[in-house]
Amino acid sequence: MHARLGEGRLRIVDATVHLSFDADGAHVASGRDSYLQGHLPGAVFVDQIAGLSDPDGEAPFAAASSEKFAAAVGEAGIGDDSTVVVYDTVNGIWATRLWWQFGLEGFDDVVVLDGGFDAWAKAGLPTETGESTHPAATFTARRRPERIASTDEVAAATADSSVLLVNALDRESFSGGHIPSSVNVPFGELVDESGALRPLDELRGLFTEVGALDPTVRPVTYCGGGIAATAAAFALRALGRNDVAVYDGSMNAWTADPERPLASADSRP
């Protein structure tokens, strides 16, 4: 990546969002300030909260419409002929979230910087402060509806053996309550101590154990708010699964209706 800095079509995107928890629940804050304090050379910041989410969606962080997404990334200088590298300064799931949204909108020339900003800085590679910009570009969104699942589709999937619901939350959260028929592959187990994606053989073992690489089933990943779920989708994609969908509303949307059931153990049929 370092050798490609300055290439005309290359667009590096800082996708950082800061997530915190307190007695009132989860809170998200823009990563713009941390971006201004240090980022990869030439990287732009895209605000996933304001620019790439839909405040009227079925959950707080629902994916923005194709039109809103195209306008936001186009304003950041990302066009149809761009090569995009996404990263974040936290735990990687915000980078995979943006990777997933690009794919949702039909754009595949996008990669995630393995290990994120920390790996880059620890390698002694250059960083810069302040804001970088590029001229606005035209981005054409071509929504792939098969890459996103709704609550109704997930409800139907609980009784459909051809769909495998993969919960990406930690094992304690999964045991405390999850969508019936789900299996658990925690997003934190997909990376090593440095935050880099684990070797494919190790990932293959994790997903094989729960049946997610079975060609007769289609994986649908979810988590609490649709963010960590994209890390599981990213890992599955690395293993060759091109048919993964993300339940964008995840547990936020599922538990909004107290009539929807929850299971407290591995409840696969």
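## The largest cavity

Helix α3 contributes the most to the lining of the largest cavity, with three residues. Helices (H or I, at least four residues) and strands (E, at least two) are DSSP runs, numbered from the N terminus. Both α3 and α8 (228-238) supply at least two residues each to this lining. The model is predicted: local features need pLDDT of at least 70, side-chain atom pairs count only at pLDDT 80 or more, and totals for chains, interfaces and linings use all residues. Residues are numbered from 1 along each chain as its sequence is written, and side-chain values use heavy atoms, with hydrogens and water left out.

A search of the whole structure finds one cavity of 30 Å³ or more. The largest cavity has a volume of about 200 Å³. It is lined by 20 residues, of which Asn91, Gly92, Thr96, Val191 and Gly195 are the closest to its centre. On a 1 Å grid over the protein atoms alone, a cavity is a set of points where a 1.4 Å probe fits but cannot get out, whereas a pocket is an open set with protein on both sides within 12 Å along at least five of seven lines; lining residues have an atom within 4 Å of a point. Grid points are joined across faces, edges and corners, and a volume is the space filled by probe spheres set on the points.

## The largest pocket

The largest pocket has a volume of about 680 Å³. Among its 28 lining residues, Leu19, Phe21, Ala26, Gly224 and Gly225 are the closest to the centre. Two or more lining residues come from each of β2 (17-22), β3 (25-30), α3 (93-104) and α9 (250-254).

By class, this lining has 18 nonpolar, nine polar and one charged residues. Here Ala, Val, Leu, Ile, Met, Phe, Trp, Tyr, Cys and Pro count as nonpolar, Asp, Glu, Lys and Arg as charged, and the others, Gly among them, as polar.

## Leu19

Leu19 is placed in strand β2. Leu19 is partly exposed, with a relative accessible area of 43% (buried means under 20%, exposed over 50%, partly exposed in between, with a 1.4 Å probe and protein chains only).

## The second largest pocket

The second largest pocket has a volume of about 220 Å³. Of its 13 lining residues, Arg32, Phe45, Ala72, Glu75 and Ala76 lie nearest its centre. At least two lining residues come from each of β4 (44-45) and α2 (66-75). The lining has five nonpolar, four polar and four charged residues.
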